[in-house]
Amino acid sequence: MPEPIEIQLKKGVLGLCVLALLARDDSYAYEIASRLSDAIDMGEGTIYPLMRRMQSDGWVETYLVESPAGPSRKYYRLTDAGRRALEDQGREWRRFAAAVDALIIEADTPVPATTDTQEGGAAQ
């Protein structure tokens, strides 16, 4: 079972991931959910409330496409505001990821042993 930080981290970047997918191509919610499930193991149920919120925030707009087999599909596309949000969040994510990477690399670097000349660790 994933650790809670992993779940929270995924939820935190889900909107950014959706913006990035829609920057490539318009899509419908189930297709977005499937791609996110494959890429970051996020469940389908989380995408629908997010898409409604992104639409009310003005980041995406919808249009219907007739389907030869079944009802019309609601497609989502980025608005100009959504593209700006993607740029801003992408920049913020890259800074954050670089800082985390630096900390991890630092943690993987062995710390040289010190020789203490006095009990308590202070050298005189």
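I took a salt bridge to be a side-chain nitrogen of Lys or Arg within 4 Å of a carboxyl oxygen of Asp or Glu. The model I looked at is predicted.

**Entry 1, salt bridges.** I searched the whole structure and found three salt bridges. Arg-53 pairs with Asp-57, with 4.0 Å between the closest N and O atoms. I noted Arg-53 as partly exposed, at 45% relative accessibility, and Asp-57 as partly exposed too, at 41%.

I then looked up Glu-61 and Arg-77, whose side chains meet in a salt bridge of 2.8 Å, N to O. This pair links distant parts of the chain, since Glu-61 is in strand S2 (residues 60-65) and Arg-77 is in strand S3, 16 residues apart. Glu-61 is partly exposed, with a relative accessible area of 35%. Arg-77 is partly exposed at 30%.

The salt bridge of Arg-91 with Asp-88 has its closest N and O atoms 2.7 Å apart. Both residues lie in helix H4, three residues apart, or about one turn of the helix. An α-helix has 3.6 residues a turn, so residues three or four places apart point the same way. I read a relative accessible area of 42% for Arg-91, which is partly exposed, and 43% for Asp-88, also partly exposed.

I counted three aromatic pairs in the structure. Tyr-28 and Tyr-75 have ring centres 5.4 Å apart and planes at 70°, so I logged the pair as edge-to-face. Tyr-28 lies in strand S1 (residues 27-28) and Tyr-75 in strand S3, so the pair ties together parts that are 47 residues apart in sequence. Both Tyr-28 and Tyr-75 are buried. Trp-93 and Phe-96 form a tilted pair, at 5.7 Å centre to centre and 45° between the planes. Being three residues apart in helix H4, Trp-93 and Phe-96 are separated by about one helical turn. Trp-93 is partly exposed at 34% relative accessible area, and Phe-96 is partly exposed at 45%.

I also found that Tyr-28, Tyr-63 and Tyr-75 make up one aromatic cluster. Over the face of Tyr-28 lies Arg-73, at 4.2 Å from the ring centre.

Leaving out residues up to four places away in sequence, I found Leu-36 touching Leu-14, Cys-17, Val-18, Leu-21, Asp-41, Met-42 and Ile-47.

I looked up Leu-16, which sits in helix H1 (residues 4-24). Leu-16 is buried because its relative accessible area is 14%, under the 20% cut-off. Beyond four places in sequence, Leu-16 touches Leu-86, Gln-89, Gly-90 and Trp-93.

Lys-10 is buried, at 17% relative accessible area.

I checked the span of H4: at 1.5 Å a residue its 29 residues should span 42 Å, and the end C-alpha atoms are 42 Å apart, which agrees. The buried residues of H4 are Gly-82, Ala-85, Leu-86 and Gly-90.

Key. Residues numbered from 1 in each chain as written. Predicted model: local features only at pLDDT ≥ 70, side-chain atom pairs only at ≥ 80, totals over all residues. Heavy atoms only, no water. Helix = DSSP H or I, 4+ residues; strand = E, 2+ residues; numbered from the N terminus. Buried < 20%, exposed > 50% of the residue type's maximum accessible area, 1.4 Å probe, protein only. Contact = heavy atoms within 4.5 Å. Expected span 1.5 Å × (residues − 1). Phe/Tyr/Trp six-rings, centres within 6.5 Å; stacked < 30°, edge-to-face > 60°. Lys NZ or Arg CZ within 6 Å of the ring centre and 35° of its normal.
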